[in-house]
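Here's a quick briefing to read with the model open beside you. Have a look at the structure first, then go through the notes by topic.

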Amino acid sequence: RLDPRLEAFEARIARGEKIEPGDWMPDEYRRQLIRMISQHAHSEYVGMLPEGEWITRAPSLRRKMILMAKVQDEAGHGQYLYHAAETLGATREDMMDALLSGRAKYSSIFNYPSLTWADVGMIGWLVDGAAIKNQTMLAGCSYGPYSRAMVRICSEETFHHKQGKEMILTYAAGTPAQRRMAQDALNRWWWPSLMMLGPHDQDSPNTAVLSRWGIKLKSNDEVRQEFINEHVPELLEAGLSIPDPDLRFDEASGNWIHGPINWDEFWAVVKGNGPMNRARLEARRFAHEDGAWVREALAAYGARSQAQAAD
Ligand code: 3HC
């Protein structure tokens, strides 16, 4: 017989109720959410790097201001998500230690280099486009703090997506050099954007329990298909070509069917052997050490305030 608390918990999930921090929840529900939310937060935190390095090199003040706003948003998303993980008992120190030691995962997509200015537009269009599909799904998840963080993040992500698409459409309709830059960026970001949404469903060990408890409302392949169906027609319409010779439209299902994904590349990147994994962790370690004085000052101020309050 099921543990009656588990039975009651699953009945709440079935009724579409939100589980809140103080509620009873299975240990595995808590563990899975700390895993997903902390890795999501790490993704936002590392995700600032590929775009941030272009802020000083933006081609105009307008583009610079848009990019600064986007990178600041990503930092904020990281904060919401670290806080959401803290509501489950995770500590900021442990999560930061897991990231900086290389133990924690973060999205594979940010281990690729942003080589030209057009990459900034392609990241906005494709990476934020994929993230919106995933995060819109997670906005309905059963854990209250995560679901509410997603609602806020998705509204900001929509601006990120639109500005990236507008950039690429401008360059694809621009000079031959701009068109080449846009196509080159698509060639390098298309497949990593498909991989970012996770392994195929049959290779996704976490999906079963996540969908049983209302955390993952769509599978990796379903979210990937949504992403492909929206972006392929728009990229083709812009006069760009998709670097997938097997890509074809299936009339019966209305789906664009992609060619085989290079999962060896995916797992190599996830395991730390992507083009930029080392550079990303070094940059995050440097930022953490460089900001140590702020944490020390805050701790000293906190201790003094407590001592004064005790007097
Ligand atoms: N990068 C790194 N690791 C990945 C990955 C990716 N793109 N996709 C899957 N993995 C890992 C999983 O974490 C899991 O390893 P773990 O058990 O040690 O954590 C393993 O590969 C097997 O994958 P599963 O499909 O079983 O894992 P999930 O069921 O958790 O599905 C996921 C993967 C779809 C990424 C899911 O974790 C998820 O929805 N996470 C929250 C969303 C998120 O992290 N998005 C990051 C995108 S970047 C972003 O949003 C920033 C935006 O501003 C651009």
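Predicted model: local features only at pLDDT ≥ 70, side-chain atom pairs only at ≥ 80, totals over all residues.

Residues are numbered from 1 along each chain as its sequence is written, and side-chain values use heavy atoms, with hydrogens and water left out.

**The largest pocket**

- The largest pocket comes out at about 1000 Å³. A pocket here is an open set of points on a 1 Å grid over the protein atoms alone, where a 1.4 Å probe fits, with protein on both sides within 12 Å along at least five of seven lines. The volume is the space filled by probe spheres set on the points, with grid points joined across faces, edges and corners.
- The lining has 43 residues, and the closest to the pocket's centre are Gln-39, Ser-107, Met-196, Leu-197 and Gly-198. To count as lining, a residue needs an atom within 4 Å of a point.
- Helices that give two or more residues to this lining include H2 (27-52), H5 (117-138), H7 (176-196) and H10 (263-273). Helices are DSSP runs (H or I, at least four residues) and strands likewise (E, at least two), numbered from the N terminus.
- By type, the lining splits into 19 nonpolar, 13 polar and eleven charged residues. Asp, Glu, Lys and Arg are the charged ones; Ala, Val, Leu, Ile, Met, Phe, Trp, Tyr, Cys and Pro are nonpolar; the others, Gly among them, are polar.

**Helix H5**

- H5 has 22 residues and spans 31 Å from first C-alpha to last, close to the expected 32 Å. That expected span is 1.5 Å times one less than the number of residues.
- H5 also has a kink of about 35°, centred on Ile-123. The bend at a residue is the angle between axes fitted to the seven residues ending there and the seven starting there.
- Most of H5 is covered, with 20 of its 22 residues buried. Buried means under 20% relative accessible area, exposed over 50% and partly exposed in between (1.4 Å probe, protein chains only).
- Where H5 starts, a side-chain oxygen of Thr-116 comes within 3.1 Å of the backbone nitrogen of Ala-118.

**Residues in helices**

- Ser-193 sits in helix H7 and counts as buried because its relative accessible area is 0%. A polar atom of the Ser-193 side chain lies 2.6 Å from the backbone oxygen of Trp-189.
- Trp-267, in helix H10, is partly exposed because its relative accessible area is 35%.
- Gly-52 belongs to helix H2 and is partly exposed at 24% relative accessibility. Gly-52 and Lys-70 are 18 residues apart in sequence, with their C-alpha atoms 9.3 Å apart.

**Residues in strand S2**

- Trp-256 is in strand S2 (residues 255-257) and counts as buried, since its relative accessible area is 17%. From Trp-256 to Gly-102 it's 154 residues in sequence and 36 Å in space, C-alpha to C-alpha.
- Ile-257 is also placed in strand S2, but it counts as partly exposed at 26% relative accessibility.

Technical notes
Polar contact = N/O pair within 3.5 Å; in protein donor to acceptor, adjacent residues only side chain to side chain.
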